[in-house]
Amino acid sequence: GKGLAVFTSGGDSQGMNAAVRSVVRMGIYLGCKVYFIREGYQGMVDGGDNIEEANWSSVSSIIHKGGTIIGSARCMDFMQKEGRLKAANNLVSRGITNLVVIGGDGSLTGANLFRQEWSNLLDELLENNKITKDQREKYKYLHIAGLVGSIDNDFCGTDMTIGTDSALHRIIEAIDAIVSTAYSHQRTFIMEVMGRHCGYLALVAALASEADQVFIPEDPVPNNWVEKLCKRLQQERKSGQRLNIIIVAEGAIDREGKPITAELVKKVVVDNLQQDTRITVLGHVQRGGSPSAFDRILGCRMGAEAVMALMEATPETEPCVVSLDGNQAVRLPLMECVRRTKAVAQAMADKNWELAVQLRGRS
Ligand code: ATP
């Protein structure tokens, strides 16, 4: 059977295990020899026990677990050609020519580069007598399918990344818990949620929790935000509301690009309104806990589709990313999605927020 390996790379997210499970089982079902690569690209470079053959039962009882059971890492070695050469050697020696990479845009970019270089890497390995002529010929094509695991929902081309829905559940649970105590004490509370370049989590959490105000990177507040915020909070209290909720995305900014932090918002509320104000920074709680049903099913569907894409690939097939479009699993050109994702980051850096939002829209 064909050699196929799955690995997780970059930040972890809930639902990655469902995807790993699905890749392994679909791969075995279709007759592949399936491998785990542990610790992302680091395991690929280091080889040895990091690359281990998977069987049907090695992915039992993992779908409900958060994070990734095969480990994830950032890997400097893979950024260098020397590291990628070692990685190629480790794959060829096991007959692996199909990769499912589960990670963010950095991980997918690395995979694309690896594929572009594959032929040259094999030539070099042959020259150095690391592989045989037969291996050079037999394994000359590398096929790549990517899945996006990220809690931020920050990738262009998919409606939902694997992990976003679970992170939202965590945020909403935390807000609900805090609301009950804030209500008792007539407090204003400010919650900082993850999302350095993408306000999706903050925005949706705000809608789902009846928040009074949300600050996100894509919609920088105008200069008079302080007055507007104070007026709104005051009005809410006057109309009988016992608490105020403000959600701040990590990357929130004003129109000059200056950060709007939870601390700053607190100072504004306390100085102007003297309201009892507390900050909660959710941090890694958002990445933790068990995956939601949605993320489990998303991981399953995406994983199965990725394996099918690899099995149908011809030598000309470009790397794809499997994504969700409406309710459909679709295959999109990997590099086009990565380029668009990077263009969004650039537009944000250029303070062209309209363009950023436009670029991020549906494919
Ligand atoms: P997250 O969204 O959680 O940051 P990510 O996949 O974007 O996930 P990165 O840290 O950017 O996370 O990338 C993960 C790993 O992918 C890197 O540590 C590196 O090993 C590899 N990688 C990223 N970019 C490249 C590149 N241009 N060339 C080769 N490898 C890369």
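Buried here means 20 or more other C-beta atoms within 10 Å of the residue's own, exposed means 12 or fewer, partly exposed is in between, and the C-beta atoms are placed from the backbone. Strands are DSSP runs of E with at least two residues, helices are runs of H or I with at least four, and both are numbered from the N terminus.

Quick housekeeping. This is a predicted model, so local features need pLDDT of at least 70 and side-chain atom pairs count only at pLDDT 80 or more, while totals for chains, interfaces and linings use all residues. Residues are numbered from 1 along each chain as its sequence is written.

Back to β4. Which strands pair with it? On one hand there's β1, residues 3-8, running parallel to β4 and joined to it by six bridges. Then there's β5, which also pairs with β4 in the parallel sense, over six bridges. Pairing, by the way, requires that DSSP finds at least two bridges between the two strands. If you want to click on specific residues, V6 stands opposite V100 in β4, and V101 has G146 of β5 as its bridge partner. As a reminder, strands of a sheet pair through backbone hydrogen bonds, either parallel or antiparallel.

V100 comes up again when you look at A306. That alanine sits in helix α10, residues 293-312, and it is buried, with 31 other C-beta atoms within 10 Å. Leaving aside neighbours within four places in sequence, A306 is in contact with V23, V100, A145, L147 and V322. Contact means that the two C-beta atoms, placed from the backbone, lie within 7 Å.

Now the annotated residue. UniProt, in an unreviewed entry, places the feature "active site" at D152. Where does D152 lie? In the loop between β5 (143-148) and α6 (164-185). Buried or exposed? D152 is buried, with 25 other C-beta atoms within 10 Å. Beyond its neighbours within four places in sequence, D152 is in contact with M194, G195, C198, Y200 and L201.

Next, the other sheet I wanted to show. This one is open, with four strands in the order β7-β8-β6-β9 and parallel pairing. β7 (213-215) and β9 (277-281) stand at the edges with a single partner strand each, so one side of each has no neighbour in the sheet. From one strand to the next, the twist averages 15°. Inside the sheet, β6 (residues 188-193) and β8 (residues 244-249) run parallel and are joined by six bridges; T188, for instance, has N244 in β8 as its bridge partner. Helix α9, residues 262-273, lies across β6, β8 and β9, and runs at about 170° to β9. For these angles, axes are lines fitted to C-alpha atoms, for helices over the stretch in contact, and values run from 0 to 180 degrees between N-to-C directions.

On to a helix pair. The axes of α4 (residues 105-127) and α11 (residues 334-349) come within 10 Å and cross at roughly 140°. That makes α4 oblique to α11; the scheme is under 35 degrees for roughly parallel, over 145 for roughly antiparallel, 65 to 115 for roughly perpendicular, and oblique for the rest. The contact uses D105, L108, T109 and N112 from α4, and L334, M335, V338, T341 and K342 from α11.

E39 has a phi near 60°, which is positive in a residue other than glycine. E39 lies in the loop between β2 (33-37) and α2 (40-46), and is buried, with 20 other C-beta atoms within 10 Å. E210 isn't a glycine either, and has a positive phi of about 55°. You'll find E210 in the loop between α7 (200-208) and β7, where it counts as exposed, with 10 C-beta neighbours inside 10 Å.

How values were computed: UniProt positions renumbered as here; feature names shortened; annotations may be inferred.
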